[in-house]
Amino acid sequence: MDAAICVKFHLEREKNPHKFNSRMKNKLWYFEYATSETFAASCKNLHEYLEIVCDGVSLELANGPQLQGIALLNIPYTHGGSNLWGEHLSQKRMRKGPFRKKLKNSDKELSANSFNSVDLSIAIQDIGDSKIEVIGLENCLHMGQVRTGLRASGRRLAQCSEVIMTTKKTFPMQIDGEPWMQGPCTIKLTHKNQVPMLMAPRSEKGSGFFSFLKR
């Protein structure tokens, strides 16, 4: 459903570019399309037209809440900072203070989900593990709740090395914000390669007046 919003936004911007000449206008238009998609639910009953096989195991999309969106990630964040996979449970326990997040009933399904005898509630997302995270979204409201922190994450479906998706009708899709309408097809995704990256060491310098005098 997120790609459906992006497709509407993209087509309208190409047709009437003068309507999208400021950041505020872009946000308002995106909000309007998101609201209309919430009521239209153009991608409802996704399980009837989509089959996903992860490492040879077919996902039972009909089990649990019905989904309107599927995200395939190998990075922790999307949608401008949303962590769809969610934090590891140990990270949640380490949080302290009055603003500590608690696992809601709607998010306890994570501990019940399992894929190929793996407990996904304790699965850690690592950008360098060559794994693909498969995440389901129930609707636009669910996506917005994850974005604002009201829900811990999307519905964890699988963490695997190979994903094969077979669609039975035309669906909106997007890759890194570039949307299009895709007819019935079979898509196979695998990890291709890795590029070593340089990272600066963590700074041990403190902050404050005394640290400045010490330096």
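**Salt bridges, cores and buried polar residues**

In the predicted model, Lys-8 and Glu-37 form a salt bridge through their side chains, with an N to O distance of 3.5 Å. Because Lys-8 lies in helix α1 and Glu-37 in helix α2 (residues 23–40), the pair ties together parts that are 29 residues apart in sequence. The two partners can be described by their accessibility. Lys-8, with a relative accessible area of 31%, is partly exposed, whereas Glu-37 is buried at 0% relative accessibility. The structure holds 4 salt bridges, and two others are described below.

Arg-151 and Glu-138 form a salt bridge in which the closest N and O atoms are 3.5 Å apart. Arg-151 is located in the loop between α5 and β7 (155–160) and Glu-138 in the loop between β6 and α5, so this pair ties together parts that are 13 residues apart in sequence. Both Arg-151 and Glu-138 are buried. A salt bridge also joins the side chains of Glu-162 and Lys-188, at 3.4 Å from N to O. Glu-162 belongs to strand β8 (residues 162–167) and Lys-188 to strand β11, so the pair ties together parts that are 26 residues apart in sequence. Glu-162 has a relative accessible area of 25% and is partly exposed; Lys-188, at 55% relative accessibility, counts as exposed.

The secondary structure of the protein consists of 6 helices and 11 strands. Of its 215 residues, 34% count as buried. Among contacts with a separation of 6 or more, 68% are between residues 24 or more positions apart. Helix α2, which carries Glu-37, has 18 residues. The distance from its first C-alpha to its last is 26 Å, close to the 26 Å expected at 1.5 Å a residue. Ala-41 follows α2 and has a positive phi, near 50°.

In soluble globular proteins, nonpolar side chains tend to be buried together. In this model, the largest nonpolar core has 16 residues, and Leu-84 and Ile-135 are those with the most contacts inside it. At least two residues of this core come from each of α1 (2–15), β3 (69–73), β6 (132–137) and α5 (140–148). The element that gives the most to this core is α5, with 3 residues. Another core, of 15 residues, lies apart from it and includes Leu-59, Val-134, Leu-157 and Val-163.

The surroundings of Ile-135 were examined with neighbours within four places in sequence left aside. Ile-135 is in contact with Gly-69, Ile-70, Ala-71, Leu-73, Leu-84 and Trp-85, and also with Gly-154, Arg-155 and Leu-157. The C-alpha atoms of Ile-135 and Leu-72 are separated by 6.5 Å, although the two residues are 63 residues apart along the chain. Leu-72 is found in strand β3 and, at 25% relative accessibility, counts as partly exposed. With neighbours within four places in sequence again set aside, the contacts of Leu-72 are Ile-132, Glu-133, Val-134, Val-163, Met-165 and Leu-189.

Glu-133, one of the residues in contact with Leu-72, is placed in strand β6. Glu-133 is buried but has no salt bridge. The nearest side chain of opposite charge is that of Lys-131, 8.6 Å away, which is not a salt bridge because such a pair requires a side-chain nitrogen within 4 Å of a carboxyl oxygen. The side chain of Glu-133 is instead joined to that of Gln-159 by a polar contact of 2.8 Å. Not counting residues up to four places away in sequence, Glu-133 touches Ala-71, Leu-72, Leu-73, Asn-74 and Trp-85, together with Gln-125, Ala-158 and Gln-159.

Cys-185 lies in the loop between β10 (178–182) and β11 (186–190). Cys-185 counts as buried because its relative accessibility is 18%, below the 20% limit for burial. Residues up to four places away in sequence not being counted, Cys-185 touches Met-165, Thr-166 and Thr-167. Met-165 is also among the contacts of Leu-72.

Methods. Residues are numbered from 1 along each chain as its sequence is written. This is a predicted model: local features need pLDDT of at least 70, side-chain atom pairs count only at pLDDT 80 or more; totals for chains, interfaces and linings use all residues. Side-chain values use heavy atoms; hydrogens and water are left out. A nonpolar core is a set of buried Ala, Val, Leu, Ile, Met, Phe, Trp, Tyr and Cys residues joined through side-chain atoms within 4.5 Å. Buried means under 20% relative accessible area, exposed over 50%, partly exposed in between (1.4 Å probe, protein chains only). Helices (H or I, at least four residues) and strands (E, at least two) are DSSP runs, numbered from the N terminus. Contact means heavy atoms within 4.5 Å. Lys and Arg count as positive and Asp and Glu as negative; His and the chain ends are not counted. A polar contact is a pair of N or O atoms within 3.5 Å; within protein, one must be able to donate a hydrogen and the other to accept it, and residues adjacent in sequence count only if both atoms are side-chain atoms. The expected span of a helix is 1.5 Å times one less than its number of residues.
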